Amino acid sequence: MKLLKTLGIAATGLLLLSGAAFAQEGQETAKSVNYSFEGPFGTFDEAQLQRGYKIYKEVCSNCHSMNLIAFRNLADPGGPGFSDKQVEALAATYTMPGPPDESGDATQRPGLPSDYFPAPFPNEEAARSANGGALPPDLSLITKWREGWHGIINQFVNGIGGPQYVYSVLTGYADAPEDVAKEQPEGKHYNPYFSAGPWIGMPPPLSDGQVEFDDGAPNTVDAMAKDVSAFLAWTAEPKMVERKRLGFMVMIYLGVLALLLYLVKKKIWADAH
């Protein structure tokens, strides 16, 4: 018993120390935001994903790449719900490198559904040069890469909080406290939710009314941050709805199998009792 108690105290201490170490880094826990895709039966909101894509295209794609997503994925089940014709039209708004002509010179062509989202810069050096030496991260898996919630138990119960992290960073710009403002590096902005913060090189990317939506949805910073963070949650896990559906069917199958095995066991051993 003493050994178990000692191990329990040690585990608790480690959790507390990890939380304290995290607090010393200056990053605040992500804001609490509810999404339609959370929980075992949650699904993505198609209209929200379409708005999120528009925000990414008009705002985020100026600096951030999304190398793992092709235009055709926008028509996949459980995603933004674009039709094949809409995807063709969206892809055609981009210009992609084409095959060389007869003289060997480079050509360009309209984008195709099979093309992946084009990067805003031709290489890493160009990206750093345009962003003050900082490399804008690829956003394909950003909600899997960045943590909003911390602590082993908390993440086990609530997940890592990747979408909440993105939302918090987008809405977390503020004036630095007086005791911190004097340490502000040139060209940096105060954001206590930034994982490597509190100073971030990216200026506030969203402003009220910046993007207009066809469905008349709100376009405040708060609303747009939620829409684009939901879209990035989908790009990080585009098969999430399918996975949940399959998992639910497996649980039903296992439940029925367990019941049948129990009834068979009762039948076989009935005479023994």
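Helices here are DSSP runs of at least four residues, numbered from the N terminus. The model is predicted.

Is isoleucine 252 buried, exposed or partly exposed? The cut-offs settle the matter: buried means under 20% relative accessible area, and exposed means over 50%. Isoleucine 252 has a relative accessible area of 44%, so the residue is partly exposed.

The largest nonpolar core has 46 residues. Phe44, Tyr53, Ile55, Met66, Leu74, Phe117 and Phe231 have the most contacts inside this core. Two or more residues come from each of α2 (46-58), α3 (84-92), α7 (162-171), α9 (221-236) and α10. Which element gives the most? That is α9, with eight residues.

Tyrosine 53 shows the packing in detail. Neighbours within four places in sequence are left aside here. Tyrosine 53 is then in contact with Phe71, Leu74, Phe82, Leu90, Tyr94, Phe117 and Phe231.

Helix α2 also holds arginine 51. Its relative accessibility is 15%, so arginine 51 counts as buried. What does arginine 51 contact, leaving aside its neighbours within four places in sequence? The residues are Phe213, Asp215, Ala217 and Asp227.

Definitions and conventions:
Residues are numbered from 1 along each chain as its sequence is written. This is a predicted model: local features need pLDDT of at least 70, side-chain atom pairs count only at pLDDT 80 or more; totals for chains, interfaces and linings use all residues. Side-chain values use heavy atoms; hydrogens and water are left out. Buried means under 20% relative accessible area, exposed over 50%, partly exposed in between (1.4 Å probe, protein chains only). A nonpolar core is a set of buried Ala, Val, Leu, Ile, Met, Phe, Trp, Tyr and Cys residues joined through side-chain atoms within 4.5 Å. Contact means heavy atoms within 4.5 Å.
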